[in-house]
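Subject: A structure for you, with notes on its aromatic rings

Hello,

Here is the structure I promised to pass on. Please have a look at it first, and then read my notes below.

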Amino acid sequence: FTASAGDARSANYGTRYNNDGMAAKPGWSTLQINLTGLVRSNSNNFHQQESLDAKQLTFLKLFICPHTRKAPIVLYFDDVRLEGNGLPAVEGLRAFDFGPSKSAVMPGFTGVHENTKYSSERGYGWLGGVNWHRRPSNPDDLGGDFGSGDAFQVDLKSGPGAYVVEMCIDSFGEWQSGQHFTKRSVELNGKTVFEEALDGPGWLKQRYLAFEDDEDTPGMDLWEKHVKPFMPVRRFEAEVGADGKLVVKVASTGGWPGIMSFLVAYPKAKEAEGQGFMQALEKLRAEAFRNEVALNVPKPDREPPKPAAEEQRNGFIAFVRSTEENIPFTSVPAANERGAPIELSACPGERTAAQVGLFPLNVLDGVTLTAGELLGPGGAKIPAAAITLRKIRNFAKRGGGGNAGALVPLLLQPLGRLKLEPGLTRGVWLTLKVPDDAKPGAYTGALTVAGGGHEHKMPLKLAVLPFTLDQAGDIVISCTGTTAGHWRGKY
């Protein structure tokens, strides 16, 4: 759905605030709109946008455009109100949110942008040069933007002594450009408190492919599973002298400059209260994220079938589905898919594929799938090594730039052993590379599914055609099309 707001100057779409990517889950949820983030949609260039006058709003609208639905969609609203930040007051605590001048500032924080140079009157700001100030927007107003400069200074009016500094120096990146560097460090009042080095393989493993083997499942907590591990809040201690000044330097080489998303500093003598502030902040951010990020679940194909005696014994219903159709985790096998053989046809030297599904009836751990050799005319054989099995991994995929996404079968990964659980249908992708010298004719074999002390064999049939295909030329395919793409300069 869309949220729109305007002030006295808002005469059309371009001069009002618009957020067309909002999403609400079924049932009751809480929508929070940060009034410091209301900017006019008058340009695709964020830095040219103008802020609305939040003190002189003339309208706030929430609406849905059901272009393809016949029945109307009804939204129910209750308890619309202005709220405070919900964070406890802590004596001596300073909190700063770094980002571009037009970006939203987290309630309870002081905004620091590219023009926030230090002055004694202000009591905080950048010292020396100022670098990047960007707004990737993900995941929220606090972690969704960042700033960078030679050093940041804040005058701590609570005086000299030991302080706790909690800060985030990470970002999800923007436009598919993940944060990268070879070395980075954090220095507090001249003392190095953090150092990190990252080479190419480390960047791929820890950043770009950080969640490669961490499958997304229904009911998961995206905040706990992905956001918190990727944008940790790091805790340090610093000694502040008689001048009461805290100077923070985040340095980086070999990529992005040293960035800060946010920083919180409080006296160590107030550590219990400071921890209470951080815990309240974590709760607010997590609740807002869970309310605003909706993950759609595909509807089941049909009503669950009544299992046959053998299927009940096995603990699952095996089925075969066309490779032209997906097997989402909510898939229910059709009658013509149950007990069907895996049927393939290909030329010598050709690669072809099939797709099988397992509809769990019981919890089974350590399930294996194994393909045997195929026997053909005149004793001809195609070895089992010609067959590759991979699991179809479910992936939480956001659609476009909005907050709505879906849990979809998207990636092929090494099979290993599967855990079957009712309500989570598994798909397995079979790829067969027909040997160049395979004899034409009919071949037969089986795919064996084993688990819970039982084996189930799925017939596998292959027709090798009596002609060959012309060899295909070379082509490069990447995430950006048919070029080496964006990552060629990274690794």
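What follows is a short tour of the aromatic side chains.

Please keep in mind that this is a predicted model. Counting rings of Phe, Tyr and Trp whose centres lie within 6.5 Å of each other, I get 14 aromatic pairs.

Buried means under 20% relative accessible area; Phe194, at 15%, counts as buried, and Phe236 is buried with 9%.

Next come Phe211 and Phe230. With ring centres 6.0 Å apart and planes at 45°, this pair is tilted. Phe211 lies in the loop between α1 (200-208) and α2 (222-230), while Phe230 is in helix α2, so the pair ties together parts that are 19 residues apart in sequence. Phe211 counts as partly exposed, at 22% relative accessibility, whereas Phe230, at 14%, counts as buried.

There is also a cluster to look for: ring pairs join Phe96, Phe98, Tyr124, Trp126 and Phe152. One of these rings has a charged neighbour, as Arg122 lies over the face of Tyr124, 5.9 Å from the ring centre. Elsewhere, Arg134 places its charged end over the ring of Trp132, at 4.3 Å from the centre.

Key
Residues numbered from 1 in each chain as written. Predicted model: local features only at pLDDT ≥ 70, side-chain atom pairs only at ≥ 80, totals over all residues. Heavy atoms only, no water. Phe/Tyr/Trp six-rings, centres within 6.5 Å; stacked < 30°, edge-to-face > 60°. Buried < 20%, exposed > 50% of the residue type's maximum accessible area, 1.4 Å probe, protein only. Helix = DSSP H or I, 4+ residues; strand = E, 2+ residues; numbered from the N terminus. Lys NZ or Arg CZ within 6 Å of the ring centre and 35° of its normal.
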